[in-house]
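Hi everyone, thanks for coming. Let me put the structure up, and then I'll walk you through a few parts of it.

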Amino acid sequence: MKFIHEKFLLHSRTADKLYHRYAEPEPIFDYHCHLPPGDIAANRQFKNLFEIWLEGDHYKWRAMRANGVAEDFCTGKTEPFEKFRAWAATVPHTLRNPLYHWTHLELSRYFGIDELLDEESSARIWKEANRQLATPALSAQGILKKFHVTALCTTDDPSDDLRAHEKLAASGLTTGVYPAFRPDKALLVNDPARFNEWLAKLEAAAGCDIATLDDLLEALERRHQYFHDHGCRLSDHGLTQCFATPCGDKAAAGIFARARKGKAATPEEHAGFATHLMLFFGRLDARRQWVKQLHLGALRSANSRLFARVGPDTGFDSIGDLPQAAALATYLDLLDRDGNLPRIIVYNLNPADNYVFATMLGNFNDGSIAGKVQMGSGWWFLDQKEGMEWQLNALSNNGLLSRFVGMVTDSRSFMSYPRHEYFRRTLCNLIGRDVENGELPDDETLLGPLVRNICHANAVSFLRLPPLSNKSGAGAVKKPGSATRRGS
Ligand SMILES: [Zn+2]
């Protein structure tokens, strides 16, 4: 039997039935990813398996380093095939790591390759995959079609021009490619060099000078509107923990003025300024009825020697353990009490905090919208079978699984779409097990729609993206909440 077979991860009759009847046919709505929109617009054709699979994948680099593979074969200058072979030789050492599952699921779903990857099979698999990568079916847009991706949201800085999104909107591509607004750099008053460099870009994008805090807020407001006009309905923030110490307008203006002149904010000033901005962003999102996302809890760049050598986002980040509850409560409450809490998805990185997040988020559901405050899917280190089960269990035990907006790839790679299949199998397996144990009714009219909605429909109605035909640069869609379900 093939390793990745029909019943992979499905350990009961009910799980198998739920998956194949209700989960598998659903299209994909990938509302949080990091795909470069330029690659989609250019319909990038990947030269080889290295380019599409290994080029930016820090999960693989971590495993290779752990397996004693030198940095030159990870992020260095070694030839693509040699890097691939080093990865292939590492794969048998990844047994029980999710990489082993992902690797074979991806080879199977993209190329129909069911052979196990190792050093011996590496040249054969390289050749066959590269042959197929040269075909239109596996171009960037071909892949979106192959995996029935109805829509995806990229991750974009407020200073981005969204030219690729404009091109895509006019292209007739049936996958909706929407921007998402990620203004993390607006908080960088503790790092004036990077802050001012970013402000120069923002000035150019917004078409105004930014001399004061009021100017900054005006520029961000303009960019928020610009993103809205390009179909954006989603913001995102990556924070170690929420900022929850408001400093007031005057203090924030002073901190901004000093950073503008090159003087770094103290940690207290930074927290006050960041809170000020995060409340501002909350109000912007609430006003235009966007969904906000918070990604909380990473500890980044722990290894200073290797960080200095290969830079950020290369596999030297891990799970942080800062306390989350009080700061998250304060931030959500500050928005909520003024009527400015948008629909929100909060992703947690520390599994020890799953119940903290699941219970905290429940405090801010007010009956106005079903599933208003969402606990996001298993993120980053938790994006695997056990992590997903932990998230699904914490959510089920403290909230409503039926309102869950489901999985995202959160990926920079076009090879990550099988993550949705992996999640769906895990979800169906969990529910199937409860049915077989007599803890859920064996009733397809109850369970079928539950599964189907978590796979696709809940996210579609939660995100309220404008319809594809109305999404373009000039022909702005200004009416919020005008569309729910998008065709496949
Ligand atoms: Zn992300």
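**The sheet and the zinc site**

Let's begin with an open sheet of 4 strands, ordered β4-β5-β8-β9 with parallel pairing; two strands pair if DSSP finds at least two bridges between them, and strands (E, at least two residues) and helices (H or I, at least four) are DSSP runs numbered from the N terminus. At the edges sit β4 (234-239) and β9 (373-375), each pairing on one side only. On average, neighbouring strands here are turned by 15° against each other, direction ignored.

A quick word on the source: this is a predicted model, where local features need pLDDT of at least 70, side-chain atom pairs count only at pLDDT 80 or more, and totals for chains, interfaces and linings use all residues. Residues are numbered from 1 along each chain as its sequence is written, and side-chain values use heavy atoms, leaving out hydrogens and water.

Back to the strands: β5 (residues 291-296) and β8 (residues 343-348) run parallel and are joined by 6 bridges. His295 stands opposite Tyr347 in β8.

Now, which residues coordinate the zinc ion? They are His32 (NE2), His34 (NE2) and Asp410 (OD), at 2.0 to 2.1 Å; donors are N, O and S atoms within 2.8 Å of the metal (3.2 Å for Na, K and Ca), and water is not among the atoms, so sites may look incomplete. In sequence, the donor spacing reads H-x1-H-x375-D. His34, in the loop between β1 (28-30) and α2 (37-41), and Asp410, in the loop between α17 (385-398) and α18 (418-436), are 376 residues apart and link distant parts of the chain.

How values were computed. Axes are lines fitted to C-alpha atoms, for helices over the stretch in contact, and angles run from 0 to 180 degrees between N-to-C directions.
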